[in-house]
Amino acid sequence: MTRTVRALPLLLLLPALLTACGTEKADAGDAPEPAPTTARQPEQDDRLRASGIAPELVYVTEVPGFTLAQQSVGVSGDDGFSAAYWAKNGAILRLSAERGSAADCPEDHICRAPAKGHVVRISGEKVAPDVLRRAADAVHRPTPAELAALLPPAPTATAPVQRGDLPSYGDGAPDNSVGQGG
């Protein structure tokens with residue numbers, strides 16, 4: 001019994017000693033840079049999924065002079081994300097993020113692969129190539145505040161609409177009879 005009691009502290013200390021071994025740091029040049037984590041609200045992810053968008057495929061960009069067109073935010077492909085940004089001079093910048101790789105990037109797009117299996121495509125109308133590159137370089141996962149600005153307002157519960165054309169008897173269907181003569 002006393003031998004077990006004496007060995008217990010050594011056994012508990014062994015995992016800590018093993019994890020402290022090694023002085024060499026991992027080579028970060030071979031691994032892709034991890035995507036920054038954002039503490040999103042579960043409610044925001046639920047709203048994205050309800051729209052058909054996979055939350056992990058939501059990316060945004062920032063380009064001076066361009067503003068997000070809220071009504072453009074939507075689904076791209078099966079469960080990807082798309083949004084458009086506009087400028088006062090009529091230029092339009094499009095961002096779409098889907099599952100895939102940047103290997104098959106269309107000629108008039110700039111593509112980035114910010115995470116394994118994700119591709120973000122940037123294209124535009126009346127947009128200079130250097131502006132497209134800046135937009136592609138600024139692609140990032142949205143902060144909770146940026147995500148809140150992307151999403152439409154949350155639906156609110158409303159009372160059922162009272163219709164005046166439904167009969168109070170039977171199955172409740174409107175009476176669409178035409179009467180005599182057809």
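**Charged side chains in a predicted model**

Asp46 first: its relative accessibility is 48%, which makes this residue partly exposed. A caveat before I go on: this is a predicted model.

What does Asp46 pair with? Asp46 forms a salt bridge with Arg49, and the closest N and O atoms are 3.5 Å apart. Why are they about one helical turn apart? Because both sit in helix 2 (residues 42–50), three residues apart. Arg49 is partly exposed too, also at a relative accessible area of 48%.

How many salt bridges are there in the structure? Eight. Let me take two more.

Next, Arg99 and Glu56. Their side chains meet in a salt bridge, 2.7 Å from N to O. Arg99 lies in strand 4 (residues 92–99), while Glu56 lies in the loop between helix 2 and strand 1 (67–68), so the pair ties together parts that are 43 residues apart in sequence. Arg99 is partly exposed, with 45% relative accessibility. Glu56 is partly exposed as well, at 33%.

Now Arg94 and Glu125. This is a salt bridge with the closest N and O atoms 2.6 Å apart. Again, distant parts of the chain are linked: Arg94 belongs to strand 4, Glu125 to strand 6 (residues 118–125), and 31 residues separate them. Arg94 is partly exposed at 34%. Glu125, at 39%, is partly exposed.

Back to Glu56 and Arg99. Together with Asp79, they form one network through salt bridges that share partners.

Last, the rings. Arg141 lies over the face of Tyr59, 5.5 Å from the ring centre. And aromatic pairs? The count is zero.

Conventions:
Residues are numbered from 1 along each chain as its sequence is written. This is a predicted model: local features need pLDDT of at least 70, side-chain atom pairs count only at pLDDT 80 or more; totals for chains, interfaces and linings use all residues. Side-chain values use heavy atoms; hydrogens and water are left out. Rings of Phe, Tyr and Trp (its six-membered ring) pair if their centres lie within 6.5 Å; planes under 30 degrees apart count as stacked, over 60 as edge-to-face and the rest as tilted. A charge sits over a ring if NZ of Lys or CZ of Arg is within 6 Å of the ring centre and within 35 degrees of the ring normal. A salt bridge is a side-chain nitrogen of Lys or Arg within 4 Å of a carboxyl oxygen of Asp or Glu. Helices (H or I, at least four residues) and strands (E, at least two) are DSSP runs, numbered from the N terminus. Buried means under 20% relative accessible area, exposed over 50%, partly exposed in between (1.4 Å probe, protein chains only).
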